[in-house]
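I opened my notebook to look through a structure with two questions in mind.

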Amino acid sequence: MAAALPGSRGPARPSPRRPLGLAPTGVLVLGAIYTLFPVSWVVVASTKSEGELFSTSTFAPGTGLLSNLADLFAYRDGVFWLWLLNTLLYAGGGAVLSTAVSTISGYTLAKYSFPGRGLIFNLLIGGILVPSVVLAIPQYLLFSKAGLAGTYWSVLLPQILHPYSIYLARIYSQAAVPGSLLEAGRLDGAGEWRLFQRVALPLLTPGMVTIFLFQFVAIWNNFLLPFIMLGDDQRFPLTVGLYTLLAAGAGQPSLYNLIITGTMLSLIPLIALFLTMQRYWRTDLSGGAVKS
Amino acid sequence: MRVNRLALAAVAILTAALSTACSGGSDEPSGEAASQSAAPAGPVKLTYWTWVPNMDKIVAVWNQAHPDIQVTVSKQAGGDDAAAKFLTAAKAGNPPDLVQAEYQMLPSFVAADAVADLKAETAQAKAEFGEGVWGLVTLGTDAVYAVPQDSGPMMLYYRKDLFEKYGIEVPKTWDEYAEAARTVHKKDPKVFLGTFSSKDPGWFAGLSQQAGAQWWSISGDAWRVAVNDEATTKVASYWGGLVKEGVIDGMPYFTPEWNKALNDGKLLTWPSAVWGPGVLSSNAPKAAGKWAVAPLPQWNAGENHSGFWGGSSTAVAAKSPNKAAAATFATWLNTDPQALGLLIKEGAVYPASAKGAALMTEAPDYFSNQPDFWKQAADIGATARGFTFGPNVNVTYNAYRDAFDKAVADKSDFAAAVQGMQDATVADMRKSGFTLAQ
């Protein structure tokens, strides 16, 4: 993404139709089928009632959508909505905070030279190599020591500092904020904070949207961290909550149709978010074309 | 200059973040902190991790009657993950006060010093339980590590209508079961009498218990591990032979394809535990009223044995500041007639206590054609024998999944898979520093 966005500012444009044009389209269509196939299965399966789920053919729509929804919303007095709100809080709050931290750190690393900059940046690159899954248990032990395990903060805080996002923000700041623009601002007497706010931030918006979306989706789908951190089921996000329906314990049936319906519903906010955020990306592409 | 300013800014941001974090943390009604500070004045507050459905409703009845001990239920995902999560929480120092513990996981909790000894608090409750079940929470020692909640004596579920259609009798011995498997498969190659599940070690452990296996035992200070004992090898070779012959299927339980086979009448039996009706009614709703229950086939004609699959207990965390209150609640939950009635009705639990089992009178809807379902279950339950579980059951169970996955796919020697379980178990116990008797 980082390379693609600034790269698209280049003046050379491919001519609209070339003989090779079919091949990329074909690859993209295959990719779309590959990713949409499971999603369409979830949508179809969520319409099936308990009895139909394992007995009718895979892609035959069922008749149970409304009763599935009613059962899901009635399950433990509507705990689904609470989990959805929790997920929105973790993903929304976490992504906003993470974007803010990443942008300001990336911008600083790109535009200021100070002792230790190289070291910090190399540490960040190293941090990208450590999968966050590995950190979950040490983080849990640390948060327990601090008395924060099981709180909302225990899920929010570890996801705010995200090395890859900082790296992305640094690369993007380097490409999108010209040093001469900042110099001009300084000559006009603007302070560093004002420069960042008024000059850099508007230029960085498309990159920030990318970081926000990345983090939002990552936190929305995160399972292990909240699973380990949270003991109270009133604070579970959807992933962990729905898992309690699946692993109901030996001797208790898994509530497959509720899980599938819940999964289907949890996709909707993500799709809506991408559709609404899309226009920020488009702004960038057209804006770049005009300027250069 | 710039460096200083940046450093100042960083410090400012950090302090701001920490102070909001801390104030946010103390705003949360953290169960343990509240209970400690409020202990002298207000009620004792307990947290309880369980996966029994509707446990919050059962606990609400307790909370109303006991304003001085308030229990908060936190519903967790069940199974092995729950045990791992509890062990991690106990290690980190903030476990819940009460936890649902499957019998096979209790020894690992004890080995990690994560659960408290309730001997003094449960002196009265002991009389409510049978010897076999009580042994599962004492691990053959003088201590009592939990109060038994539910148990899973095993029996044979079979499709009555299809048994008539294929002209087979309910098998009384495993030899008859094998013969019936051949008959059914010959009449319709798409239909199997049963399937061997390489994903359910608890099921295999129950069948081994029936045959008289003793996977772990304690002699003096040392553990004796005998996963590869004669009884277990006999059970494994029996199923291995049938799978190799092709008359018993190799698909695991609780999978979508298994559900489909049950719905389509492609599977005629399921050697399972007393909690089977709940699973069948949810996964194979179309076959309601067509299933019946009988004792497990026996290894020798005239014998009468069964094993246990599943079942769990209520344990109290060793680090709980309110152990006595927690033990009082655990005892009430699993022995009080009102609580037992609620466990049966709301939680779909088959109680381990004798009084509780006697409360089960009306056959489950799914088995409405068999009005004496619970009487049968109680008679079979009386014949079930268990064994002492070891401190690393999770390792043994994972070895089971790995080895039998492969053995079923290759139709290779099942006895070798049992040997693999034994080797993995012994190696892990050596590594963890347990003394092993040879």
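My entries below go chain by chain, then to a pocket, then to one helix.

**Ground rules.** I worked on a predicted model, where local features need pLDDT of at least 70 and side-chain atom pairs count only at pLDDT 80 or more, while totals for chains, interfaces and linings use all residues. Residues are numbered from 1 along each chain as its sequence is written, chains are lettered from A and ligands numbered from 1 in the order in which they are written, and side-chain values use heavy atoms, without hydrogens and water.

**Chain A.** I looked up the secondary structure and found 14 helices and 0 strands (DSSP runs: helices are H or I, at least four residues; strands are E, at least two; numbered from the N terminus). Chain A has 292 residues, and 44% of them count as buried (under 20% relative accessible area, with a 1.4 Å probe and protein chains only). I then checked contacts (heavy atoms within 4.5 Å). Among those between residues at least 6 apart in sequence, 72% join residues at least 24 apart. The accessible surface is about 15200 Å² (Shrake-Rupley method, 1.4 Å probe). Carbon and sulfur atoms hold 71% of it.

**Chain B.** Here I found 18 helices and 9 strands. Of 438 residues, 54% count as buried. For contacts between residues at least 6 apart in sequence, 75% join residues at least 24 apart. Chain B exposes about 18000 Å², with 54% supplied by carbon and sulfur atoms.

**Second largest pocket.** How much space lies in the second largest pocket? I noted about 1100 Å³ (a pocket is an open set of points on a 1 Å grid, where a 1.4 Å probe fits, with protein on both sides within 12 Å along at least five of seven lines; lining residues have an atom within 4 Å of a point). It has 44 lining residues, and the closest to its centre are A:Q252, B:P53, B:K345, B:E346 and B:A348. Elements giving two or more residues to the lining include α5 (79–111) of chain A and α14 (337–347) of chain B. By class, I listed 24 nonpolar, 9 polar and 11 charged residues. The pocket lies between domain 1 (35–151 + 310–358) and domain 2 (153–308 + 372–431) of chain B, because both give residues to its lining.

**Helix α11 of chain B.** I looked at residues 256–263 and found B:W258, B:N259, B:A261, B:L262 and B:N263 buried. After α11(B) comes B:G265, with a positive phi near 70°.

How values were computed
Buried < 20%, exposed > 50% of the residue type's maximum accessible area, 1.4 Å probe, protein only. Points joined across faces, edges and corners; volume = space filled by probe spheres on them. Nonpolar A, V, L, I, M, F, W, Y, C, P; charged D, E, K, R; others polar. Domains from an automatic or database assignment.
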